[in-house]
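Keep the 3D view open as you read.

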Amino acid sequence: EIYDNLRHFNFDEVMKVNDTFIINETVNSETMRNSQFVKYRTKDAIVDFFQEKYNCRPNVSVQNPNIYFDVHVSHDTVPLSLDSSGESLHLRGWRTDQTAAPISEVLAAGMLRMTGWKGECDLIDPMCGSGTILIEAAMMANCIPAQYYRHQGFGFMKWKEFNLGEWKS
């Protein structure tokens, strides 16, 4: 049913045949438990749509795809949606190397906000393992937004109707 219903959708509205895509799946159902099956049948429907229409198919890409799809099985409903974020938002873009046990950038920023610190006084991080808290504090103190160093942009920036000029303005 997933495949048959998705085959009726005009995927030309959201992507081009030469786009790459990825499907993230979540399954919460008593009747359907295999998340990989849901992912593959969704992929098959998208690929077959383009194969039949253009005799060419888009490819799945786990590294920097053009289009991010989310399929969420909840009991007997299965919505397919476009993910406008793309790469996970907790990946803020400034960390290039991981240490053994770094604190999440989002957690560090949240901890700083919870303290009420706004960059108007010194900050001491006595634990200073990988420097995550201090880096997030430096970004806050200098009004650098959380995703400023994000290299891949956001998912919606690769959508067909995205207008870079409007975004910049």
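## Strands and rings

In β2, Asn 59 is the bridge partner of Thr 20. Keep in mind as you look that this is a predicted model. The pairing belongs to strand β1 (residues 20-28) and strand β2 (residues 59-60), which run in the parallel sense and are joined over two bridges. Strand β1 also pairs with strand β3 (residues 67-74): these two run parallel as well, with eight bridges between them.

Phe 69 leads us on to the rings. Together with Phe 9, Phe 11, Phe 21, Phe 49, Phe 50 and Tyr 54, Phe 69 belongs to a cluster linked by ring pairs. The count of aromatic pairs comes to eleven. Here are two of them:

| Pair | Centre to centre | Angle between planes | Arrangement |
|---|---|---|---|
| Phe 49 and Phe 50 | 5.0 Å | 90° | edge-to-face |
| Tyr 148 and Tyr 149 | 5.0 Å | 90° | edge-to-face |

Why is the Tyr 148 and Tyr 149 pair called edge-to-face? The planes of these two rings lie at 90°, and an angle over 60 degrees counts as edge-to-face.

Now look at the surroundings of each pair. Phe 49 and Phe 50 are both buried. Tyr 148, in contrast, is exposed, with a relative accessible area of 54%, while Tyr 149 is partly exposed at 33%.

Methods: Residues are numbered from 1 along each chain as its sequence is written. This is a predicted model: local features need pLDDT of at least 70, side-chain atom pairs count only at pLDDT 80 or more; totals for chains, interfaces and linings use all residues. Side-chain values use heavy atoms; hydrogens and water are left out. Two strands pair if DSSP finds at least two bridges between them. Helices (H or I, at least four residues) and strands (E, at least two) are DSSP runs, numbered from the N terminus. Rings of Phe, Tyr and Trp (its six-membered ring) pair if their centres lie within 6.5 Å; planes under 30 degrees apart count as stacked, over 60 as edge-to-face and the rest as tilted. Buried means under 20% relative accessible area, exposed over 50%, partly exposed in between (1.4 Å probe, protein chains only).
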